[in-house]
Amino acid sequence: MSSGDGFVIIGNWNGYKRPFLWLYKVFWEYICKLIPRGNNRRTDQGSVQRMGEQENFNARVICQKPQVECLDSAIKKYLNKPKEEIKIIDCGAGTGLSGVELNEIGYTNLCALDISQEMLNEAKKKNVFKKFICTPLNDQQNPEVKTGEYDVMICIGTLASAHVKPAAMVEMIRMIRIGGLISFNIRYGELETYQPKMEELEKRGNWEKVSEDTLPQFHRDDMPPTSTFFVYKVLKY
(Lines give C-alpha, C1' and ligand atoms only; values in the text may rest on other atoms or scores of the structure.)
Protein backbone atom coordinates (compact mmCIF):
# COMPACT_ATOMS: atom_id res chain seq x y z
CA MET A 1 0.00 0.00 0.00
CA SER A 2 1.29 3.45 -0.90
CA SER A 3 0.59 6.80 0.70
CA GLY A 4 -0.02 9.96 -1.26
CA ASP A 5 3.54 11.13 -0.42
CA GLY A 6 5.14 8.11 -2.04
CA PHE A 7 6.03 6.30 1.23
CA VAL A 8 5.22 2.64 1.58
CA ILE A 9 3.10 1.81 4.60
CA ILE A 10 3.50 -1.72 5.81
CA GLY A 11 0.34 -3.08 7.32
CA ASN A 12 -1.60 -0.92 9.74
CA TRP A 13 0.56 2.15 10.69
CA ASN A 14 -1.57 3.00 13.69
CA GLY A 15 -0.61 -0.30 15.25
CA TYR A 16 3.11 0.48 15.04
CA LYS A 17 2.92 4.21 15.80
CA ARG A 18 2.98 4.15 19.63
CA PRO A 19 5.91 1.71 20.17
CA PHE A 20 7.89 3.44 17.40
CA LEU A 21 7.55 6.85 19.07
CA TRP A 22 8.57 5.36 22.42
CA LEU A 23 11.74 3.85 20.91
CA TYR A 24 12.50 7.15 19.19
CA LYS A 25 12.18 9.04 22.50
CA VAL A 26 14.49 6.62 24.34
CA PHE A 27 17.06 6.79 21.54
CA TRP A 28 17.02 10.61 21.44
CA GLU A 29 17.42 10.95 25.22
CA TYR A 30 20.44 8.64 25.04
CA ILE A 31 22.03 10.74 22.27
CA CYS A 32 21.42 13.96 24.22
CA LYS A 33 23.34 12.57 27.19
CA LEU A 34 26.36 11.96 24.98
CA ILE A 35 26.45 15.51 23.57
CA PRO A 36 27.58 18.37 25.94
CA ARG A 37 25.13 21.22 25.97
CA GLY A 38 26.40 24.65 24.97
CA ASN A 39 24.59 26.37 27.85
CA ASN A 40 26.36 24.15 30.36
CA ARG A 41 29.73 25.01 28.87
CA ARG A 42 28.97 28.71 29.13
CA THR A 43 27.88 28.28 32.72
CA ASP A 44 31.09 26.42 33.58
CA GLN A 45 33.20 29.12 31.96
CA GLY A 46 31.30 31.77 33.89
CA SER A 47 31.91 29.89 37.13
CA VAL A 48 35.64 29.69 36.43
CA GLN A 49 35.74 33.41 35.68
CA ARG A 50 33.90 34.23 38.91
CA MET A 51 36.30 32.01 40.85
CA GLY A 52 39.25 33.89 39.37
CA GLU A 53 37.68 37.22 40.28
CA GLN A 54 37.08 36.00 43.82
CA GLU A 55 40.72 34.93 44.15
CA ASN A 56 41.84 38.38 43.00
CA PHE A 57 39.44 39.97 45.48
CA ASN A 58 40.87 37.89 48.32
CA ALA A 59 44.38 38.98 47.34
CA ARG A 60 43.32 42.64 47.44
CA VAL A 61 41.72 42.27 50.85
CA ILE A 62 44.93 40.91 52.35
CA CYS A 63 47.30 43.41 50.75
CA GLN A 64 46.07 46.42 48.81
CA LYS A 65 42.90 47.22 50.70
CA PRO A 66 44.32 47.85 54.21
CA GLN A 67 47.20 49.86 52.79
CA VAL A 68 44.89 52.00 50.66
CA GLU A 69 42.73 52.61 53.72
CA CYS A 70 45.81 53.68 55.69
CA LEU A 71 46.79 56.10 52.92
CA ASP A 72 43.25 57.44 52.78
CA SER A 73 43.46 58.33 56.49
CA ALA A 74 46.68 60.26 55.89
CA ILE A 75 45.20 62.10 52.91
CA LYS A 76 42.22 63.21 54.99
CA LYS A 77 44.58 64.50 57.66
CA TYR A 78 47.19 66.28 55.54
CA LEU A 79 45.59 67.24 52.21
CA ASN A 80 42.72 69.69 51.96
CA LYS A 81 41.35 68.74 48.54
CA PRO A 82 38.32 66.80 47.28
CA LYS A 83 39.15 63.19 46.47
CA GLU A 84 38.33 63.55 42.78
CA GLU A 85 40.86 66.40 42.47
CA ILE A 86 43.76 64.58 44.11
CA LYS A 87 46.23 63.31 41.51
CA ILE A 88 47.68 59.95 42.53
CA ILE A 89 50.47 58.06 40.80
CA ASP A 90 50.65 54.32 41.44
CA CYS A 91 54.30 53.33 41.02
CA GLY A 92 54.67 49.64 40.29
CA ALA A 93 50.97 49.52 39.50
CA GLY A 94 51.09 45.99 38.11
CA THR A 95 47.63 44.86 37.03
CA GLY A 96 45.98 47.80 38.78
CA LEU A 97 44.59 46.28 41.98
CA SER A 98 45.60 49.27 44.12
CA GLY A 99 43.91 51.54 41.61
CA VAL A 100 40.71 49.55 41.95
CA GLU A 101 40.76 49.99 45.72
CA LEU A 102 41.46 53.72 45.41
CA ASN A 103 38.68 54.14 42.88
CA GLU A 104 36.20 52.32 45.10
CA ILE A 105 36.63 54.92 47.85
CA GLY A 106 36.38 57.93 45.54
CA TYR A 107 39.83 58.61 44.05
CA THR A 108 39.42 58.90 40.30
CA ASN A 109 42.44 60.92 39.11
CA LEU A 110 44.88 58.02 38.87
CA CYS A 111 48.04 57.31 36.88
CA ALA A 112 49.63 53.86 36.57
CA LEU A 113 53.41 53.51 36.24
CA ASP A 114 55.03 50.13 35.69
CA ILE A 115 58.05 48.64 33.95
CA SER A 116 55.89 46.02 32.20
CA GLN A 117 53.62 46.96 29.31
CA GLU A 118 51.83 43.62 29.69
CA MET A 119 50.95 44.52 33.27
CA LEU A 120 49.73 47.95 32.20
CA ASN A 121 47.56 46.34 29.54
CA GLU A 122 45.85 44.37 32.29
CA ALA A 123 45.57 47.48 34.46
CA LYS A 124 43.88 49.29 31.58
CA LYS A 125 41.09 46.71 31.65
CA LYS A 126 40.18 47.87 35.17
CA ASN A 127 38.98 51.21 33.72
CA VAL A 128 40.15 53.23 36.71
CA PHE A 129 43.34 54.91 35.42
CA LYS A 130 43.54 58.06 33.29
CA LYS A 131 47.20 57.75 32.30
CA PHE A 132 49.73 54.94 31.81
CA ILE A 133 53.52 55.23 31.92
CA CYS A 134 55.71 52.28 30.99
CA THR A 135 59.09 52.88 32.62
CA PRO A 136 61.21 51.54 35.49
CA LEU A 137 61.28 53.25 38.86
CA ASN A 138 64.91 54.24 39.46
CA ASP A 139 67.14 57.21 40.25
CA GLN A 140 66.83 58.67 36.73
CA GLN A 141 64.48 61.60 36.21
CA ASN A 142 61.44 60.48 34.25
CA PRO A 143 60.65 62.97 31.46
CA GLU A 144 57.01 61.85 31.42
CA VAL A 145 56.47 63.12 34.97
CA LYS A 146 56.89 66.80 35.77
CA THR A 147 58.41 67.85 39.07
CA GLY A 148 55.64 68.03 41.65
CA GLU A 149 53.03 66.83 39.16
CA TYR A 150 51.19 64.55 41.59
CA ASP A 151 49.67 65.07 45.03
CA VAL A 152 50.13 61.49 46.23
CA MET A 153 52.16 58.39 45.42
CA ILE A 154 51.25 54.84 46.33
CA CYS A 155 53.84 52.12 45.83
CA ILE A 156 52.79 48.65 46.98
CA GLY A 157 54.95 45.56 46.55
CA THR A 158 57.54 47.41 44.48
CA LEU A 159 60.35 48.35 46.87
CA ALA A 160 62.38 45.17 46.85
CA SER A 161 66.16 45.29 46.51
CA ALA A 162 66.11 43.04 43.45
CA HIS A 163 63.89 45.51 41.58
CA VAL A 164 64.23 49.07 42.92
CA LYS A 165 67.32 50.58 44.53
CA PRO A 166 67.09 52.98 47.50
CA ALA A 167 68.38 55.84 45.32
CA ALA A 168 65.01 55.78 43.52
CA MET A 169 63.48 57.49 46.56
CA VAL A 170 64.96 60.80 45.38
CA GLU A 171 63.01 60.49 42.13
CA MET A 172 59.90 59.45 44.06
CA ILE A 173 60.09 62.70 46.02
CA ARG A 174 60.53 64.76 42.83
CA MET A 175 57.26 63.44 41.37
CA ILE A 176 55.18 64.69 44.32
CA ARG A 177 54.35 68.31 45.08
CA ILE A 178 55.62 70.00 48.22
CA GLY A 179 53.21 69.06 50.99
CA GLY A 180 52.09 65.95 49.12
CA LEU A 181 52.31 62.37 50.38
CA ILE A 182 54.39 59.34 49.43
CA SER A 183 53.29 55.92 50.64
CA PHE A 184 54.97 52.56 50.20
CA ASN A 185 55.35 49.21 51.88
CA ILE A 186 58.53 47.27 52.59
CA ARG A 187 58.42 43.56 53.18
CA TYR A 188 60.10 41.64 55.96
CA GLY A 189 63.85 41.37 55.44
CA GLU A 190 64.07 44.36 53.07
CA LEU A 191 63.87 47.24 55.54
CA GLU A 192 67.59 47.29 56.30
CA THR A 193 68.22 47.94 52.60
CA TYR A 194 66.08 51.09 52.49
CA GLN A 195 66.26 52.42 56.04
CA PRO A 196 69.57 54.32 55.63
CA LYS A 197 68.27 56.22 52.59
CA MET A 198 64.94 56.94 54.26
CA GLU A 199 66.72 58.39 57.29
CA GLU A 200 69.18 60.34 55.15
CA LEU A 201 66.37 62.04 53.22
CA GLU A 202 64.60 62.86 56.47
CA LYS A 203 67.75 64.38 58.00
CA ARG A 204 68.26 66.47 54.86
CA GLY A 205 64.72 67.78 55.21
CA ASN A 206 63.37 66.30 51.96
CA TRP A 207 60.53 64.50 53.68
CA GLU A 208 59.15 63.63 57.10
CA LYS A 209 57.51 60.42 58.23
CA VAL A 210 53.88 60.88 59.21
CA SER A 211 52.91 57.24 59.79
CA GLU A 212 54.33 53.74 60.04
CA ASP A 213 52.08 50.70 60.36
CA THR A 214 52.41 46.93 60.24
CA LEU A 215 49.74 45.70 57.85
CA PRO A 216 48.71 42.38 56.25
CA GLN A 217 50.66 41.38 53.17
CA PHE A 218 50.28 37.71 52.13
CA HIS A 219 47.85 34.95 53.05
CA ARG A 220 50.19 32.16 51.92
CA ASP A 221 52.04 30.11 54.53
CA ASP A 222 55.33 30.34 52.62
CA MET A 223 55.28 34.16 52.45
CA PRO A 224 55.61 36.89 55.11
CA PRO A 225 52.15 37.64 56.53
CA THR A 226 52.85 41.35 57.10
CA SER A 227 54.84 44.29 55.76
CA THR A 228 55.58 47.78 57.04
CA PHE A 229 53.60 50.57 55.40
CA PHE A 230 55.08 54.08 55.49
CA VAL A 231 53.60 57.46 54.65
CA TYR A 232 55.93 60.45 54.19
CA LYS A 233 55.15 64.11 53.61
CA VAL A 234 57.30 65.87 50.99
CA LEU A 235 59.04 69.00 52.32
CA LYS A 236 61.54 69.98 49.62
CA TYR A 237 63.35 68.67 46.52
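This is a predicted model: local features need pLDDT of at least 70, side-chain atom pairs count only at pLDDT 80 or more; totals for chains, interfaces and linings use all residues.

Residues are numbered from 1 along each chain as its sequence is written, and side-chain values use heavy atoms, with hydrogens and water left out.

So, the cores. By nonpolar core I mean a set of buried Ala, Val, Leu, Ile, Met, Phe, Trp, Tyr and Cys residues joined through side-chain atoms within 4.5 Å. Buried is under 20% relative accessible area, exposed is over 50%, and partly exposed is in between, with a 1.4 Å probe and protein chains only. The largest core has 28 residues, and Ile-89 and Phe-184 have the most contacts inside it. Who supplies it? At least two residues each come from β1, β2 (110-114), β4 (150-155), α6 (168-175), β5, α7 and β7 (226-234). The largest share, 5 residues, is from α6. Helices and strands here are DSSP runs, H or I of at least four residues and E of at least two, numbered from the N terminus.

Have a look at Phe-184. Skipping neighbours within four places in sequence, its contacts (heavy atoms within 4.5 Å) include Met-169, Met-172, Met-198, Trp-207 and Tyr-232. Apart from that core there's another one, of 23 residues, with Ile-88, Leu-110, Leu-120 and Phe-229 among them.

On to charges. A salt bridge is a side-chain nitrogen of Lys or Arg within 4 Å of a carboxyl oxygen of Asp or Glu, and the structure has 11 of them. Take Lys-83 and Asp-72, whose closest N and O atoms are 3.6 Å apart. Lys-83 is in the loop between α3 (64-78) and β1 (88-91) while Asp-72 is in helix α3, so this pair ties together parts 11 residues apart in sequence. Asp-72 is buried at 10% relative accessible area, and Lys-83, at 25%, is partly exposed.

Helix α7 has a pair as well: Glu-200 and Lys-197 sit 3 residues apart, about one turn of the helix, and their N to O distance is 3.5 Å. Lys-197 is buried at 17%, whereas Glu-200 is partly exposed at 32%.

Glu-190 is in the loop between β5 (176-187) and α7 (191-203), and its side chain does make a 3.1 Å polar contact with that of Ser-161. That term means a pair of N or O atoms within 3.5 Å; within protein, one must be able to donate a hydrogen and the other to accept it, and residues adjacent in sequence count only if both atoms are side-chain atoms.

Last one, backbone. Most residues other than glycine have a negative phi. Asn-127, though, has a positive phi of about 60 degrees. Asn-127 is in the loop between α5 (117-124) and β3 (131-134), and is exposed at 66%.
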